[in-house]
Amino acid sequence: MITLIAKKELKETFRDGRFRITAIIVFALLIASVFVSKSYYESINAQHEAARKNARNIWEGQGKKNPHSAAHYGTYAFKPKYPMALIDNGVDKYAGVSIYLEAHARNQAQYMAAQDQTALARFGDLTPDFILLFIIPLFIILNGFHAFTRERESGTLKLLQSQGVPGWKLALGKWLGLFIPVLLVVLPVYVLATLFLSNLNNYGEFSLAALTGLFVIYLVYYAVFTNLTLLVSSLFKKSSLAFVALLVLWMVACLATPKLSTNLAQKLYSYPTQLEFEEQIAQAKSSGLNGHEPWSDAAKKLEAETLKQYGVDSISQLPFNWDGFLMQKGDEHEAQIYFEHYDLLKKTNAKQSQVYQYTSALSPFLPTRFLSMALCRTDYSSHWAFADAAEKYRLLLVGKMNGDMVDNSKTGDWDYLADEKLWTSVPEFEYTPPTYASVLSENKGNISLLALWLMGTFALVIFQVNKMKVVS
Amino acid sequence: MIQHQFKYEWLQLFRERWVLALLVIFLGVMTYAVYNGNQKVNTRKAAIEKAKADMQKIDAKYAGQIDSISRGLSPAPERWLDPRSLSVYGQRAPRVVSMDAQPLAFIAVGQSDLFTHYVKPKLYGEAYALGFSELANPVQLLFGTFDLAFVCIYLLPLLIIAFSYNLLSQEKESGVFRLTMAQPISLYGWLFSRTVLRFIIIAIVLLVSLVIAMLVNGVLATAIANGFLIVYFFLLLYAFFWFLVSLLINLFGKSSGQNAVALVSVWVALVLLLPSIISQTANTLYPVPSRINMINEYRVAEAKAEKEAAKMLKTYYRDHPELAPKDSTENNQYSFWLEYFATIDVLKQAVSPILNEYDEAIAQQQTWVDKLGIFSPAIVLQSALNDQAGTAPAHYASYREQVIQFADTWKAYFMPRMFRNESMKPEDLPGLPQFEYEPKVHSTWVNNLTMLTAYVLITVLLSVVLFNFQKHEQMLTS
């Protein structure tokens, strides 16, 4: 019986000219979006690759210099792009791509792409995630809003029920009839994406498991929308009313709730402004150890301690370059201050994420959105992971520079110069993103929310369709 | 007859509970949107005010110090902290160069969440290399703000579709249509006046909810004094356009359900798809050169300039003889700075090709968007609202320009004085350059108004044409 109903639904759907047109449009948009974003990424990637090499050349070719001056001169860390960013660009557009690494300061990623685009960018870009997240749910609604209302309007619902079809069978048949067309649109895209992404050059490693995971997440998302569509269709008497209700539902889930949650999260837990943040750090730094202020109280205290430790009376008697040592200690102290302040931002972000989890009750869009970005390595956590790795690398670089000064020059000898040998001895910045296992465990909340949506809406549909039988 | 119709329409609409519910929700949504927009503006204003207050504190502190040192009341601090030193003042007491919110800023967040609204360009460093980024959670930027612009661009058309998708079809489906047609009235005139009447109802609802929303948030008076009527007029045209689209779709004589689907498809195409397609093609066709390239060039030039600073200073003196020291044996306390000043132009020259390339790409993107934007009223309305709110990309570009100019003014104040080896005196303080943001952007409201009016006229025309080509029998039968 289930297959019979499903077959009938499918036949009707495929016969419908509107379905064919919308299916073709959605499919074409998906394919087009992949190609458009590919060419965009390729040009961006080429630029970044050139900039990365350039930055390294500048670092290595800076000529003879005092190592600490070299640490001041610094270099750049570039955020790598991963193949699946082609599918979901996530927050990449709104988070910078490069971090300036220098002595004494932890900088934020600079130059977000959105700043260099027109106001239209805020409507969203034609990337696959846009189609997958917004348009396909609408496609499901367009195909299924009259699943039950049409039967009611034409009187066939009574006929069906008089044949003694159990509610759940009816529901499942309708469900398959609505879900299979979506599968038919998305499956080829998945296959094409696999072929396409695994053959990309210069995009880092590609994981089939992650892509499959992404595919499954989107299928669950579509299953939720299928359920919601059937549920609403069974609740209303008129097709047009069911359609309006579904449209409102889509709008609330996909458009309004993300924005509302954003405003709520910001209201409850807000970030300081850029300058406030910088001033807080400057304030914290002002009282502490600073390599460039050997006269400060903190430096004098360190001096006394060090002299005592080595059992000498003056810094010139120390077996190493005191200036370099002080620089390194100052940098370590400042790094700690940065760590604490950035940690505050992270904590604020964690609280904001909590808000999104609560509002996910209003919208299956949110958990899907976050999971999709996470698997594509374009979410905010990925950005943090990169920023932390860059900071680690900065400390390594600065430490190496100060260390060279400590070991190979004498206190007060600011004319000491290091050369290319030292610059090239600093390894290039290599970034390994967190494993997918840790990505998944970080997103446990989103996974369970999406699963809850799936099971909850399934239960509601079955319950409602069963009840419908008793009433009419 | 019109009066009759109006009353009938009114009764018919408001007898349906869901219409009333929808309107109440709309009022709530509007109020919340205005609240959100206003909240953002207040945060922005508060941040600027605090920065300015801090600046005044530093000024007062330095003024006090300069005064007491010059009168010999307190000893001079170390050189790098002495406010009498021009370099200390120029570097440690920068002006707050702020982009003040326009009176209607609350209607559209626009680009305002991407950029900082105040910077402090110092004596050292180049303003064109400033990032202008605001600290923000990128997820929030991705999702955007629930502001009035969002409500009007995205939700208002949906409300109108819900109000009008069954303009004709419902009459046919309920059988009233034949009765109406038995009256001696023109079919098109009847339909059109029906559309206009519903539009008037929405126009009133829109006005009332806007006024209430602004009243609740305490921005009504400023809004009315600063071009709220133009904004309302934009919204009316946009709303009327959507009613006319609805009329057009109804004229095809299909069922209510089919109308609803068709209308939503139009909405998706005009509001969701077209803008994203145009934006994406703009990025792909005119990629903006990475700013990192600019920074790399700058660093190379800077390193070179540092090495040759002494030589550059000599050349600089040749080009600016008025700045050259009269007594070459005199030691200038700002010698480090003078070498830096001498390199500024060289650095600028090194990066200006990339800066130009960058500006050009942005301009090309904007031209492309402006050209293709005429295909979507949503794009036109967005641009119109951002323009009125002072949050369009053009405003931020202009602000950036003004910052760069002011940074030059700031430097120009100190440079000649430092070349003359002078110090800061108490009487100099009131003469320090001050910054005042001017929204210099050429408003696009005439353009936007023309465009929105054109949409309305074209859809009216289309509906007339369609009506005359349509077989009336088909419209009469359900």
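Biologist: Why is A:Trp384 called buried?
Modeller: Its relative accessible area is 9%. Buried means under 20%, exposed over 50% and partly exposed in between, with a 1.4 Å probe and protein chains only, so A:Trp384 counts as buried. This is a predicted model, in which local features need pLDDT of at least 70 and side-chain atom pairs pLDDT 80 or more, while totals for chains, interfaces and linings use all residues. Residues are numbered from 1 along each chain as its sequence is written, chains are lettered from A and ligands numbered from 1 in the order written, and side-chain values use heavy atoms, without hydrogens and water.

Biologist: What makes A:Tyr342 buried?
Modeller: A relative accessible area of 5%, which is under the 20% limit.

Biologist: How many aromatic pairs are there over all chains?
Modeller: The search of the whole structure finds 63. Rings of Phe, Tyr and Trp (its six-membered ring) pair if their centres lie within 6.5 Å; planes under 30 degrees apart are stacked, over 60 edge-to-face, the rest tilted.

Biologist: Why is the pair of A:Tyr338 and A:Tyr342 called tilted?
Modeller: The centres are 6.4 Å apart, within 6.5 Å, so the rings pair. Helices are DSSP runs of H or I with at least four residues, strands runs of E with at least two, numbered from the N terminus. Both A:Tyr338 and A:Tyr342 are buried.

Biologist: What makes A:Tyr342 and A:Trp384 an edge-to-face pair?
Modeller: Their planes stand at 85 degrees, over the limit of 60, and their centres are 6.3 Å apart. A:Tyr342 lies in helix H12 and A:Trp384 in helix H14 (residues 380-408), so the pair ties together parts of chain A that are 42 residues apart in sequence.

Biologist: Which residues form the aromatic cluster that includes B:Tyr124?
Modeller: With B:Tyr124 there are B:Tyr316, B:Tyr317, B:Phe336, B:Trp337, B:Tyr340, B:Phe341 and B:Phe419.

Biologist: What is the secondary structure of chain B?
Modeller: Chain B has 18 helices and two strands, and buried residues make up 54% of its 478.
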